[in-house]
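Let's take a friendly walk through this structure together. Have the sequence and the 3D view ready, and follow along as we go.

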Amino acid sequence: MDKRKKIILIVIGVVVVLGAIFAFYLFKSHQKEAALLQAAAQPFNEATAPSYQKDAITFIKEIYSDARTVTDEEEFNKKIDQQVSAESKEFKQVIKDRKQIRDQVVSHKNIQFDLKEHNFTTPGIIKSTDKEILFIVNGTYRYVDLNDPVAQEAATKGEEVLFGQEIAYGVSLTKEGEQWKITNILSTDLTASYMIKGLDTVSSKSQQEIIDLIKKNTIPKYDLDQILSEINSN
């Protein structure tokens, strides 16, 4: 066998080996992600959960979510300052812009709902070190749409028609002294779809997209004035 053929065979062998290694890596990565999503499908047990998980989920419920429970402006800003890392200035602005977008949607579309329950799953840990934690968690919201004709008709009979929505949240935390502080949250809710164009909010792959985005610590890039204008024009 001449030298040229030997080189070709060696190159082919290297390519095959590297391809096999890459395929194995993808297989293990997909296994890990599948296990992660499976873990994130179990009900959240507040009694046994670590404090950083409880605090982050409470922050989502009260401040970040489209169904946030804190409406007082002063308390809203106070909780952001208390629970979000001082270094995460861009994310702090994202939260405040989210609020403005959501308020505009609610006002323009005359959205009225009565939130009956919001339940969360056990967080699936994406990454965990002494200084950084990333996790995925799902929130399920059940509510009465006060503008829905069917719900209105049911109400006259003393009945309730509940609507449901499931949202995936990717959460990033950093250790500052003895406290865990939030550095980023990404989600598949309606407000996020205005801020991240092309975001998958409905398919079975939406959770995976949030995992990929939070791993990259993605901060949405958007034009707030343009978003508000789009809402008003629809």
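## A polar contact at Arg68

In this predicted model, the side chains of Arg68 and Asp103 are joined by a polar contact of 2.8 Å. To find Arg68, look at the loop between H2 and H3.

Is Arg68 buried or exposed? Its relative accessibility is 15%, and because buried means under 20%, Arg68 counts as buried. Setting aside neighbours within four places in sequence, Arg68 is in contact with Lys61, Glu62, Ile63, Phe76, Lys99, Arg102 and Asp103.

## How H3 meets H4

Now turn to two helices. The axes of H3 and H4 lie 11 Å apart, and the helices pack at an angle of about 155 degrees. Angles over 145 degrees count as roughly antiparallel, so that is the description for H3 and H4.

On the H3 side, the contact is made by Glu73, Phe76, Asn77, Ile80 and Asp81, while H4 brings Lys92, Ile95, Lys96 and Lys99. The crossing of H3 past H4 is right-handed.

## The nonpolar cores

How many residues does the largest nonpolar core have? It has 37, and those with the most contacts inside it are Phe59, Phe91, Ile101, Tyr169 and Ile185. Several helices and strands each supply at least two residues of this core, among them H3, H4, E3 and E4. The largest share, seven residues, comes from H2.

Take Phe91 as an example: not counting residues up to four places away in sequence, Phe91 touches Tyr64, Val84, Ile182, Thr183, Asn184, Ile185 and Ile219. There is also a second, separate core of twelve residues, including Ala168, Leu199, Ile210 and Ile214.

Key
Residues numbered from 1 in each chain as written. Predicted model: local features only at pLDDT ≥ 70, side-chain atom pairs only at ≥ 80, totals over all residues. Heavy atoms only, no water. Core = buried A, V, L, I, M, F, W, Y, C linked by side-chain atoms within 4.5 Å. Buried < 20%, exposed > 50% of the residue type's maximum accessible area, 1.4 Å probe, protein only. Helix = DSSP H or I, 4+ residues; strand = E, 2+ residues; numbered from the N terminus. Contact = heavy atoms within 4.5 Å. Polar contact = N/O pair within 3.5 Å; in protein donor to acceptor, adjacent residues only side chain to side chain. Axes fitted to C-alpha atoms, helices over the stretch in contact; angles between N-to-C directions. Parallel < 35°, antiparallel > 145°, perpendicular 65-115°, else oblique. Left-handed = near helix turned anticlockwise from the far one by under 90°.
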